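Here is a friendly walk through one protein model, from the whole chain down to a few single residues. Keep the viewer open as you read.

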Amino acid sequence: MPGLGDATRGRILFGGDYNPEQWPEESWPEDVRLMKDAGVNSVTLGVFSWAKLEPRPGAREFGWLDRLMDLMHENGVGVVLATPTSSPPPWMGRLHPETLPVAEDGRIEWWGGRQHFAHSSAVYRRYAAAITEDLAARYGGHPALTMWHINNEYCTYDWGDESAAAFRRWLQDRYGTLDALNTAWGTAFWSQGYGDWYEILPPRLPHYMRNPTQVLDFKRFTSDALLECYLAERDIVRRHTPHLPVTTNFMPMWVGQDAWRWAQEEDVVSVDIYPDPRDPLGAQQGALIQDMTRSQARGPWMLMEQAAGPVNWRGVNHPKPRGLNRLWSLQAVARGADAVCYFQWRQSRQGAEKFHSGMVSHAGEQGRTFQEVKQLGAELAAISSEVTDSHTPNDIAVLHDWHAWWGGAQDGRLSSEVDYPQVVRAWHRGLWEAHLATDFAHPEHDLSAYRLVVVPQLYLLTDAAIDNLLAYVRGGGTLVCGFLTGVADEDDRVRPGGMDARLRELFGLGTLHEWWPLDVGETIEVDGFQGHLWSEELEADGADEVTPYKGGELDGLPAVLRKGRAWYVSTLPEPDALRHLLARIGADAGVRPVLDALPDGVEAVRRGELLFVLNHGSDPVTVQVPGVHRDLLTGDTVTDAISLGRYGVAVLKT
């Protein structure tokens, strides 16, 4: 199958969403001039163009797109052509209201925004297939076309009647019989037993709390239903252009998609990343998503969207300070991106996103944003041949699973303060601040290549996943797990003892008496550090090392246990403590930072033969880099040390 390399062709793709239908055609030559000035070599066309391409049912208005495709080719700009199916035209909702999604309380979600499609609607799918078929037939042979982009940010939930029918079919495939479903869902509780498939609905808004396994399965179904939509369009374009790669863009750790499964169906894994410029850990948030996306891709990936300046959907939308866009873009390249793209090329003058930045801002070509984009374009061109297609595996894997997230996010959980993404981020932060490079993996993946496996939290674990973790430790690997791991099976059935017995034996943990969640702002003393968010009343049984709680109800009971190479941490240590713990465990497992003695806020990442050194701070720093290197960004020779200014970056080659 084709891959990202078939689109990059030895270059880093640089550009973004281009929405020329928002502008007079007379402005297009000016856009092209600025694109060439900025080093843009790729644009995405057609993402939200359905109403312009099909203004009436069955009509086709391709002339404007013909001219654009030709214009891009004439000027050496490749096109990632999108199917426009994320935003149906108003006529579809008017003529076919069954294509509109229904909220969990029965409200219809109307047109006038975007993503207003019912994923299981046969009418929607028929229209989506028709426009995709005609786009692929018309442009499949066009020399400007380099890649297909299906839909955009799949994120639609639907509790409507067609979704209900599709959900029942999905459940029949999964369980086979109503007896099996009733057992899996525990419907003996609250008189929920089903005697006919037609009694089953999506988990619409009830009088009181919903069945958690029904909710879990509905989330699984929604991910699969959206994947069906993607695959239908992917297969159409693949039939016309088997030589071109196909993608769709993930959102960062979006709760509604099992991206491990989705990534297997993509030729190119792509993602949108929008850290907050005011977040002091924005770089770490970016690194987390980059590590996860690279791991899903198992190599180079595509940064489909980022912001050149402010976004428009936060409470307060801050611009990026000078140099931050360049820094975060090169951070993505360091972590495997072979495409650095934006939403969008030119900042809109109208519509809901007119205050969302573009590569060309409202200030125009003289504005700081465009001038920085130009600099970045030139630098990406300079390093492209040295970096594209390269990949460096790591010695650490962080385990993440959407099903565990879905299972743990139920209404009746012990603490609404336990937010799975924030727990994952806290553990990744500990590794990031310890300068330990990491991949992500699914708990059933082959983990044998890793020296250290980190489990921030996996509330729900299948038997296969548990067996995989046990085999990993038996094979000589080091495992460290956070709290609320291994509590439930795949049907969200609590395992006897509150944690799987095999895991308790692995960690040297005898009895888990009670979970003790902590209030907002509450801490618990542990010998050597403070814990946050959570604690547990445990008994050790066979542990080689125990770090106890100090004071309160849990005084003297184990907070952290180690048995051999397996560790269990029953609270969330404060950031410095978690960093030190992971650094210690990593060192014992034979894992070392890329560079020693890095200053605070400085990140060092290896990609292939290159060493990226990134200063995420606002003060100048000097970084020790033993040996002689050439900085590909400046051409300078670097011997043993390099000075980096505010948000400075060096790309070093030995």
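A contact here means heavy atoms within 4.5 Å. By that rule, residues 24 or more positions apart account for 71% of the contacts in the chain with a separation of 6 or more. This is a predicted model, in which local features need pLDDT of at least 70 and side-chain atom pairs count only at pLDDT 80 or more, while totals for chains, interfaces and linings use all residues. Residues are numbered from 1 along each chain as its sequence is written, and side-chain values use heavy atoms, leaving out hydrogens and water.

**The whole chain**

You will find 18 helices and 26 strands in the chain; these are DSSP runs numbered from the N terminus, helices being H or I with at least four residues and strands E with at least two. The radius of gyration, taken over C-alpha atoms, is compared with a globule rule of 2.2 Å times the number of residues to the power 0.38. For 654 residues, a compact globule would come out near 26 Å, and the chain agrees at 26 Å. Along the principal axes, its C-alpha atoms fill a box of roughly 75 × 75 × 45 Å. Buried residues make up 59% of the 654, where buried means under 20% relative accessible area, exposed over 50%, and partly exposed in between (1.4 Å probe, protein chains only).

Most residues other than glycine have a negative phi, and most peptide bonds are trans.

Ser191 sits in the loop between helix H8 (178-185) and helix H9 (212-240), whereas Asp640 belongs to strand S25 (residues 637-644).

**A cis bond and a helix residue**

Which form does the peptide bond from Phe343 to Gln344 take, cis or trans? That bond is cis, with omega near 5 degrees. Gln344 lies in the loop between strand S9 (337-342) and helix H13 (368-387).

Another glutamine, Gln285, is in helix H11 (residues 282-297). Gln285 counts as partly exposed because its relative accessibility is 24%. Its C-alpha atom is separated by 9.1 Å from that of Tyr274, 11 residues apart along the chain.
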